[in-house]
Amino acid sequence: MAIGVKATPFTFIVHALGIAGAVMVLVWTIHFRGGLAWEASNKSLIFNIHPVLMLIGLIIIGGEAIISYKSLPLKKEVKKLIHLVLHAIALVLGIIGIYTAFKYHNESSIANLYSLHSWLGIVIIVLYGIQWVYGFVIFFFPGGSSAVRSESLPWHVLFGLFVYILAVGNAAIGFLEKLTFLENSGLAKYGSEALLVNFTAVLTILYGAFVILSVLALAPPEDDYSYSAL
Ligand code: HEM
């Protein structure tokens with residue numbers, strides 16, 4: 001499935017939304033929530049690393065990895081390398097981000113893995129890891145035969161988009177969950193912080209939508225190398 005419009009304008013919107021999302025999650029955690037810390041007596045500062053790394057790492061850098069075939073006027077081999085390196089960075093930041101949520105829970109004597117968000121989170125990071133390793137082995141090193149590669153590609157695209165959409169949805173659930181905890185502890189429901197968190201979640205979903213649009217749209221005409229859109 002492809003839509004008959006050019007991908008380039010969508011990829012610019014992805015970059016702009018990504019910068020806005022990164023700024024918003026940093027303003028929230030640093031300005032409103034007291035900052036980020038790996039070790040602290042105020043354990044909330046450890047938790048704050050979680051949304052920052054999940055949004056900037058898994059969602060934003062992961063999204064840039066996905067659209068790299070559509071956004072960069074480079075040769076296929078270079079784009080492939082950028083695609084796999086950006087996904088590796090997204091995966092590592094995602095793993096560290098999940099670790100900080102566990103670290104915060106453990107140091108605050110809060111139970112682990114009690115929520116839908118946490119269950120989906122584990123499923124997402126495991127599938128993301130499997131997708132990366134499979135892609136690396138089939139498309140990069142040692143690399144499958146050309147028949148295996150061309151048979152695998154639509155599945156790689158489909159499975160990758162499935163995991164990514166799941167991750168975007170789960171990030172939105174994460175914002176909802178944290179904001180609900182804060183509102184139950186007295187945070188003003190229509191205050192500036194609540195609006196910021198809700199708009200960050202809206203922006204996350206818009207970011208994901210423009211990543212998908214970029215994937216479905218046409219690669220730049222001078223680019224003969226990319227995979228064809230779904
Ligand atoms: C796709 C991105 C995300 C993934 C894969 C993910 C994954 C996880 C996982 C696995 C846990 C469980 C930690 C534990 O049980 O000790 C967790 C906890 C948590 N996450 Fe996320 N997270 C993501 C994004 C976010 C975002 C953007 C927020 C926004 C604030 C957030 C808020 C929370 C909260 C409040 C908890 C603690 C409560 C709970 O376990 O449900 N998460 N996350």
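Visitor: Where do I start? Is Ser109 buried or exposed?

Guide: Count neighbours. Ser109 has 7 other C-beta atoms within 10 Å, so it is exposed. Keep in mind that this is a predicted model.

Visitor: Where does Ser109 sit, and what is its phi?

Guide: Ser109 is in the loop between α3 and α4. Its phi is near 55°, a positive value in a residue other than glycine. Leu113 lies in the loop between α3 and α4 too. Leu113 is not a glycine either, yet its phi is positive, about 55°. With 12 other C-beta atoms within 10 Å, Leu113 counts as exposed. For a glycine case, look at Gly34, which follows α1 and has a positive phi near 90°.

Visitor: Which peptide bond is cis?

Guide: Check omega. The bond joining Phe141 and Pro142 is cis, with omega about 0°. Pro142 belongs to the loop between α4 and α5.

Visitor: Which residues of α4 are buried, and what covers them?

Guide: First the general idea. An α-helix has 3.6 residues a turn, so residues three or four places apart point the same way. In α4, the buried residues include Ser118, Gly121, Ile124 and Tyr128. The cover over the buried residues of α4 includes α3 and α5.

Visitor: What do the buried residues of α1 pack against?

Guide: They pack against α2 and α6. Among those buried residues are Phe10, Val14, Leu17, Gly21, Val25 and Trp28.

Visitor: Where does α2 bend, and how many of its residues are buried?

Guide: The bend is at Ala65, by about 35°. α2 is mostly covered, with 23 of its 28 residues buried.

Visitor: How many residues surround the ligand?

Guide: The shell holds 25 residues, and the closest are Met54, Ser115, Ser118, Gly121 and Gly174. α2, α3, α4 and α5 each give two or more residues to that shell. α5 gives the most, with seven. Sort the shell by class and you get 14 nonpolar, nine polar and two charged residues. Note that Ser118 and Gly121 are also buried residues of α4.

Visitor: What does UniProt list for this chain as "transmembrane region"?

Guide: The unreviewed entry lists residues 12-32, 52-69, 81-99, 119-141, 153-176 and 196-219. Compare such spans with the model. Residues 81-99 are 100% helix, with end C-alpha atoms 27 Å apart. Residues 153-176 are 100% helix too, and their ends lie 35 Å apart. UniProt also annotates residues 13-216 as "domain: Cytochrome b561", again in an unreviewed entry. That span is 83% helix and 0% strand, and its end C-alpha atoms lie 15 Å apart.

Visitor: One last residue. What does Val5 touch?

Guide: Leave out residues up to four places away in sequence, and Val5 touches Ala217 and Leu218. Val5 lies in the segment before α1. It has 12 other C-beta atoms within 10 Å, so it is exposed. Val5 and Ile125 are 120 residues apart in sequence and 32 Å apart in space, C-alpha to C-alpha.

How values were computed:
Residues numbered from 1 in each chain as written. Predicted model: local features only at pLDDT ≥ 70, side-chain atom pairs only at ≥ 80, totals over all residues. Near = placed C-beta within 6 Å. Helix = DSSP H or I, 4+ residues; strand = E, 2+ residues; numbered from the N terminus. Nonpolar A, V, L, I, M, F, W, Y, C, P; charged D, E, K, R; others polar. Buried ≥ 20, exposed ≤ 12 C-beta atoms within 10 Å, placed from the backbone. Contact = placed C-beta atoms within 7 Å. UniProt positions renumbered as here; feature names shortened; annotations may be inferred. Bend = angle between axes of the 7 residues up to and from the residue.
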